[in-house]
Amino acid sequence: MAHYKPVQTNDELLKPKQVADELQLNIETIYRYIRSQQLRVVRLSAREFRVRRSELDRFLRERETDKATD
């Protein structure tokens with residue numbers, strides 16, 4: 001029996017394009033993060049998937065630094 005975490009009603013699902021727009025990154029960069037499993041997705045079908053808002057928050061938190069980069 002598969003274990004899954006129920007979708008939280010307040011956890012927005014974002015399309016990859018929405019993530020790219022929000023982070024001001026190229027969509028291909030988002031797909032690269034997804035392919036390398038740095039950014040986890042909810043797969044709706046073979047070609048459709050979404051990024052949970054909480055997953056995007058986790059992804060960004062892990063990349064925070066104490067110093068600004070040049």
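Q: In which sense do β2 and β3 pair, and over how many bridges?
A: β2 and β3 pair in the antiparallel sense, over two bridges. The model is a predicted one. The two strands form a hairpin, with five residues between them.

Q: Which residues of β3 are the bridge partners of valine 42 and arginine 43?
A: The bridge partner of valine 42 is arginine 50. For arginine 43, the partner in β3 is phenylalanine 49.

Q: What is the order of the strands in the sheet?
A: The sheet is open and has three strands in the order β1-β3-β2, with antiparallel pairing. β1 and β2 are the edge strands, each pairing on one side only. β1 is joined to β3 by two bridges, and these strands run antiparallel. Leucine 14, for example, has valine 51 of β3 as its bridge partner.

Q: How should I read the side chains along a strand, and which residues of β3 lie on each side?
A: In a regular strand, side chains alternate between the two faces of the sheet. Strand β3 covers residues 49-52. Phe49 and Val51 are on one side, while Arg50 and Arg52 are on the other. All four are buried, and both faces of the strand are covered.

Q: Now the helices. Which residues of α2 are buried?
A: The general idea comes from the turn of the helix. An α-helix has 3.6 residues a turn, so residues three or four places apart point the same way. In α2 the buried residues are Thr29, Ile30 and Ile34. Their arc around the axis is only 140°, which puts them on the same side of α2. These buried residues pack against α1 and β3.

Q: Which residues of α3 are buried, and what covers them?
A: Glu55, Leu56, Arg58 and Phe59 are the buried residues of α3. They span an arc of only 160° around the axis, and so they are on the same side of α3. Their cover includes β1, α1, α2 and β3.

Q: How many aromatic pairs are there, and how is one of them arranged?
A: A pair of aromatic rings is described by the distance of the centres and the angle of the planes. There are two aromatic pairs here. In one of them, the ring centres of tyrosine 31 and phenylalanine 49 are 6.3 Å apart and the planes stand at 80°, so the pair is edge-to-face. Tyrosine 31 belongs to helix α2 and phenylalanine 49 to strand β3, so the pair ties together parts 18 residues apart in sequence.

Q: Are these two residues buried or exposed?
A: Phenylalanine 49 is buried, with a relative accessible area of 13%. Tyrosine 31, with 29%, is partly exposed.

Q: Which charged end sits over the ring of tyrosine 33?
A: That of arginine 63, which is 6.0 Å from the centre of the ring.

Q: How many salt bridges are found in the whole structure?
A: Eight. The reading is by side-chain atoms: a nitrogen of Lys or Arg within 4 Å of a carboxyl oxygen of Asp or Glu. One example is the salt bridge of glutamate 12 and arginine 53, at 3.2 Å from N to O. Glutamate 12 lies in the segment before β1 and arginine 53 in helix α3, so this pair ties together parts that are 41 residues apart in sequence. Glutamate 12 is partly exposed, with a relative accessible area of 40%.

Q: What are the distance and the sequence separation for arginine 53 and glutamate 22?
A: The closest N and O atoms of arginine 53 and glutamate 22 are 2.6 Å apart, and the two residues form a salt bridge. The pair links helix α3, which holds arginine 53, with helix α1, which holds glutamate 22, 31 residues away. Glutamate 22 has a relative accessible area of 42% and is partly exposed.

Q: Where do glutamate 55 and arginine 40 lie?
A: These two side chains meet in a salt bridge, 3.1 Å from N to O. Glutamate 55 is in helix α3 and arginine 40 in the loop between α2 and β2, so the bridge ties together parts 15 residues apart in sequence. Glutamate 55 is buried, at 7% relative accessibility.

Definitions and conventions: Residues numbered from 1 in each chain as written. Predicted model: local features only at pLDDT ≥ 70, side-chain atom pairs only at ≥ 80, totals over all residues. Heavy atoms only, no water. Buried < 20%, exposed > 50% of the residue type's maximum accessible area, 1.4 Å probe, protein only. Pairing = 2+ DSSP bridges. Phe/Tyr/Trp six-rings, centres within 6.5 Å; stacked < 30°, edge-to-face > 60°. Lys NZ or Arg CZ within 6 Å of the ring centre and 35° of its normal. Arc of directions from axis to C-beta. Contact = heavy atoms within 4.5 Å.
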